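Please look through the structure shown below before reading on. The explanation that follows begins where two chains touch and then turns to one of them.

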Amino acid sequence: MIWFQFQSLIGSYPLALRGLGMTVALSAISLVLGTLIGFTLGVLRTSGNRLVSRVIGLWIDLIRGTPFLVQIFLIFFILPEFGVELDAFTAGIIALTNLAACFICEIVAAGIRSVPTGQVEAALASGLSQWQRMRQVVLPQAMRVSLPPLVGQYVLLIKDSSVVSAIGLTDLTRVGWLVVQRVPNGLLVFAIVGIGYFVVCYPLILLARRLERRMSAAHGEVQL
Amino acid sequence: MLENFSFRTIIEYLPLLGEGFVATLWLSIVSFAGALAVGIILCAMNLQHSQVLKLPAKMYIDAIRATPLLAQLYFLYFGLPRLGMVLPELFVGILALSLNSGAYIAEIIRAGILSISRGQVEAGVASGMTYAQRMRLVILPQAIRVTIPPLLGQAIVLVKDSALLSLISVSELTRAGQLLASDRFMPAEGFITTAACYLLLYYGLKSLAVLSARWLGVRPIGSRI
């Protein structure tokens, strides 16, 4: 019985590879786009313009306050009503990028706020332009604080990409769902799906932990 | 565009949406209670010196953190019948949410306990307290204070995660929105109303977290919501 199921599972490996490819593509594209947009938003949020900061803050609250599944449905079913035709893949990328950008914005903003004002004042006194101040003084120091949570955020992003299976994209989770209709062994099928995610996410979790430990060691805090 | 946004349809579906809202609320409360129980047990195992208890807890926490909730949910939904346990979808959903959030809560409690400075523990030892006394009288009263805001943050995550239960056809808020959207071909009405209901819960819990942080004199919750 188990043997037959194994054979059937091995038969569906091209599907599994396609699913893994889809998961990686979704995560990678939205990771890059989300990081770029998130950094821009984070810098804007701390730029001192009250109105801009408020608007970004409101948007982040709206995104943080609603389930990702509902966001996907909103984008996939409602954007077409505004005349934007989009397929499931584009909708998934938009939803994931938006989510990543919001979280990364807050991480970057927290990092920038952690840089002592004396540093900025010193840069001002040295006659650096705003761009130079950001690039050479503030961001390098902010990155040290932001890096561990940023890597953690990437793990969340990869995991959240599983939710786009709800609009019919054949990612790793969806493949599990399809296979389990033919091979009625949910424990085995989704254990394999889980291993697929684990292989991608666990190294990132370890990296985040290591970065965090290095950070607190660099700041002279004692690890208990 | 949304110029024919039909408030009338929303009012027509208000009983269904209301039921969904209440369902999401109470299944989140039950799951959070379950997650607290799972988290406390895992954390207690994780803080032991013997690897027999520590290793399984660590492996469990890592496994949960490195895989998506949806895969865990399907694992239970399609896997439990295989073990001869045919449970209603609602039970499976609550179980999945409790087991998932429990792993994160274990880490929150652990961070709270480890945030108590070494000197406090040593002072307890020097005063001749037993391990249980130190835990009960010195560590836990202080640890609970710092864990309450992040626990409320985890509650926010749990409420949002509960939307995934609609995918195994548990009737809750997202499911109600989906029904409205598909019955009347009105996705805007269905999903915007659903989103508004979740925002209500989010702002409620968020202000509770901020207020509790102020009352307890600890730092407010971080970015992991």
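**Where the chains meet**

In this predicted model, 35 residues of chain B are in contact with 39 residues of chain A. Four helices of chain B each supply at least two residues of the side that touches chain A: α3 (51-65), α4 (69-79), α8 (173-184) and α9 (187-216). The largest share, nine residues, comes from α9(B). Sorted by class, this side of chain B has 25 nonpolar, five polar and five charged residues.

Chain A may be described next. Its elements are nine helices and zero strands, so the order from the N terminus on reads α-α-α-α-α-α-α-α-α. The C-alpha trace of chain A spans about 75 × 50 × 25 Å along its principal axes. Of the 224 residues in chain A, 38% count as buried. Contacts across the sequence can also be examined: among those in chain A between residues at least 6 apart in sequence, 77% join residues at least 24 apart.

The interior remains to be considered. In soluble globular proteins, nonpolar side chains tend to be buried together. The largest nonpolar core here has 109 residues, and those with the most contacts inside it are A:Leu69, A:Ile72, A:Cys105 and B:Tyr74. Helix α5 (residues 88-113) of chain A gives the largest share of this core, 15 residues.

Which residues does A:Ile72 contact, leaving aside its neighbours within four places in sequence? A:Ile72 is in contact with A:Ala91, A:Ala95, A:Val163, A:Val164, A:Ala166 and A:Ile167.

Key: Residues numbered from 1 in each chain as written. Chains lettered and ligands numbered in written order. Predicted model: local features only at pLDDT ≥ 70, side-chain atom pairs only at ≥ 80, totals over all residues. Contact = placed C-beta atoms within 7 Å. Nonpolar A, V, L, I, M, F, W, Y, C, P; charged D, E, K, R; others polar. Buried ≥ 20, exposed ≤ 12 C-beta atoms within 10 Å, placed from the backbone. Core = buried A, V, L, I, M, F, W, Y, C linked by C-beta atoms within 7 Å.
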